[in-house]
Amino acid sequence: CHLIHYLRLSHHLIVLNFVIRTFDKLKFVSSEDINVTDDVFDGVEVRVFEPPGKGDERLRRSVVYIHGGGWALASARTSLYNNLCRIMAESLNAVVVSVEYRLVPEVRFPEQFHDALRATKHFLQPDVLAEYSVDPNRIAISGDSAGGNLAAAVCQQLSKDEHLTIKPKLQALIYPVLQAFDFNTPSYQQNMNMPVLPRYVMINYWIDYFNANYDLAHSLLINNHTALDVGQALSFRGRLNWTSLLPSSFKKNYKPVIQTTGKAEIIQEIPALLDVRAGPLLAENETLQLQPKTYILTCENDVLRDDGVMYAKRLQNAGVEVTLDHFDDCFHGCMIFTVWPTDFSAGIQTRNSYIKWLDESL
């Protein structure tokens, strides 16, 4: 993929997505148990999973789901996410709306955020909810990895929208990526070479998302963009102070990496690094206080572990009810791997715990 990119034949992410879809043989299928339809919500493609019973008098709960993949890979239509959303719809007797936001390199930040926001706001309209027999008081917004990033950012935006009459009751974030401020949290240091999502891969996802230069990767890795002399980062530093936000069991013996002198031009070149729509963990306390009851799933073997743990702590400090569901023996991305030949016990374990919380809380 990278060779094709280097030869300028195509972007490597386009090639990788092509490979993923080539091996994914899922056909468009509806069953007696779950009806699957594709629709467009305010210009954004979605896939809707509906349990039987549409049109009866009982209103159902609902989950808006945003898939992961570094804002660049996968799809609401791939078998792994179809399987997850179908099981959610069956287990919860809920309408599940899976958002097919546009991907890098077709679009860059903030377009993925705008797609997810538009689709969610469209679904939250009273007439649309009535069409799908959804209870307006029992709606959750959820997502994994980059989808968890978008779900958290969308939830923050919805919470501040004074014109919106219906808002999510819950948010459920699965190993979410929540900040590009510090690439040396204990989990980034501990898991820097962990398969599935090594640190350099996560940094490259951010670079692609922001349409930035790969030459900046090393500077980002050593936190040059948030050095002490970078004035733009000063107001955010306390919001991501992992020495106070993480428990000692996660901090272990790791030390903060804070450069005295860095490169302020990085922030000038990529201002989105400090944009709360890209990094929901950067949000001010006044916004966090408005968030709904929250579930955050984290995995020990994941560079993003501390993003989720810090967000849980900041939300708790802001008065939000939070369930932090941490798995010591699991890895990033595990929850979608529940189908042969990648039917891992970690996937079944995390998926069951996630659905159980939704069933009890939604």
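# Notebook: a predicted model

**Entry 1. Overall make-up.** I counted the secondary structure elements and found 15 helices and 10 strands in the protein. I note at the outset that this is a predicted model. I then looked up burial: of the 362 residues in the protein, 57% are buried. I also checked how far apart in sequence the contacting residues lie. Among contacts with a separation of 6 or more, 75% join residues 24 or more positions apart.

**Entry 2. The annotated active site.** I consulted the UniProt record, an unreviewed entry, which lists Ser145, Asp302 and His332 under "active site". These residues are spread over 188 residues of sequence, yet they cluster in space, with a largest C-alpha distance of 10.6 Å.

I took Ser145 next. I located Ser145 in the loop between strand S5 (134–144) and helix H6 (146–159). Is Ser145 buried or exposed? Its relative accessible area is 9%, so I recorded Ser145 as buried. Leaving out residues up to four places away in sequence, I listed what Ser145 touches: Gly68, Ile174, Tyr175, Pro176, Val177, Leu304 and His332.

I then turned to Asp302, which sits in the loop between strand S7 (293–301) and helix H14 (305–317). Asp302 has a relative accessibility of 1% and therefore counts as buried. With residues up to four places away in sequence again left out, Asp302 touches Tyr175, Ser187, Asn191, Leu197 and His332.

**Entry 3. Helix H14.** I followed the chain from the loop of Asp302 into H14. The 13 residues of H14 should span 18 Å at 1.5 Å a residue, and I found the end C-alpha atoms 19 Å apart, which agrees. How many of the 13 residues of H14 are buried? I found that 10 are, so the helix is largely enclosed by the rest of the structure. Among the buried residues of H14 are Arg305, Asp306, Asp307, Tyr311 and Leu315. Just after H14, I noted that Gly319 takes a positive phi of about 95°.

**Entry 4. Helix H15.** I listed its buried residues as Ala346, Gly347, Thr350, Arg351, Tyr354, Ile355, Trp357, Leu358 and Ser361. Seen down the axis of H15, these buried residues fall within an arc of 155°, so they line one face of the helix. On the other side of H15, I found Ser345 and Glu360 exposed.

Entry 5. In soluble globular proteins, nonpolar side chains tend to be buried together. I looked for such groups here. The largest nonpolar core has 89 residues, of which Trp71, Phe123, Met202, Trp206, Phe210 and Tyr311 touch the most other members. H6 gives the most to this core, with 8 residues. A second, separate core of 35 residues includes Tyr81, Ala172, Leu297 and Leu362. I then examined Phe210: leaving aside its neighbours within four places in sequence, Phe210 is in contact with Phe109, Ile270, Ala272, Leu273 and Ala278.

**Entry 6. Glu100.** I found Glu100 in strand S4 (residues 95–100). Its relative accessible area is 14%, so Glu100 is buried. What does the side chain of Glu100 make a polar contact with? I found the side chain of Ser75, at 2.6 Å.

**Entry 7. The loop between H9 and H10.** I looked up two residues here. Asn223 is found in this loop, and at 2% relative accessibility Asn223 counts as buried. A polar atom of its side chain lies 3.0 Å from the backbone nitrogen of Phe183. Leaving aside neighbours within four places in sequence, Asn223 is in contact with Phe181, Asp182, Phe183, Asn184, Val257 and Gln259.

Leu228 lies in the loop between helix H9 (217–221) and helix H10 (242–245). With neighbours within four places again set aside, I found Leu228 in contact with Arg237, Ile258, Gln259 and Thr260. Leu228 and Gly262 are 34 residues apart along the chain, and their C-alpha atoms are separated by 7.4 Å.

Technical notes. Residues are numbered from 1 along each chain as its sequence is written. This is a predicted model: local features need pLDDT of at least 70, side-chain atom pairs count only at pLDDT 80 or more; totals for chains, interfaces and linings use all residues. Side-chain values use heavy atoms; hydrogens and water are left out. Helices (H or I, at least four residues) and strands (E, at least two) are DSSP runs, numbered from the N terminus. Buried means under 20% relative accessible area, exposed over 50%, partly exposed in between (1.4 Å probe, protein chains only). A polar contact is a pair of N or O atoms within 3.5 Å; within protein, one must be able to donate a hydrogen and the other to accept it, and residues adjacent in sequence count only if both atoms are side-chain atoms. UniProt positions are given in the numbering used here, feature names are shortened, and annotations may be inferred rather than shown by experiment. Contact means heavy atoms within 4.5 Å. A nonpolar core is a set of buried Ala, Val, Leu, Ile, Met, Phe, Trp, Tyr and Cys residues joined through side-chain atoms within 4.5 Å. The arc is that of the directions from the helix axis to the C-beta atoms. The expected span of a helix is 1.5 Å times one less than its number of residues.
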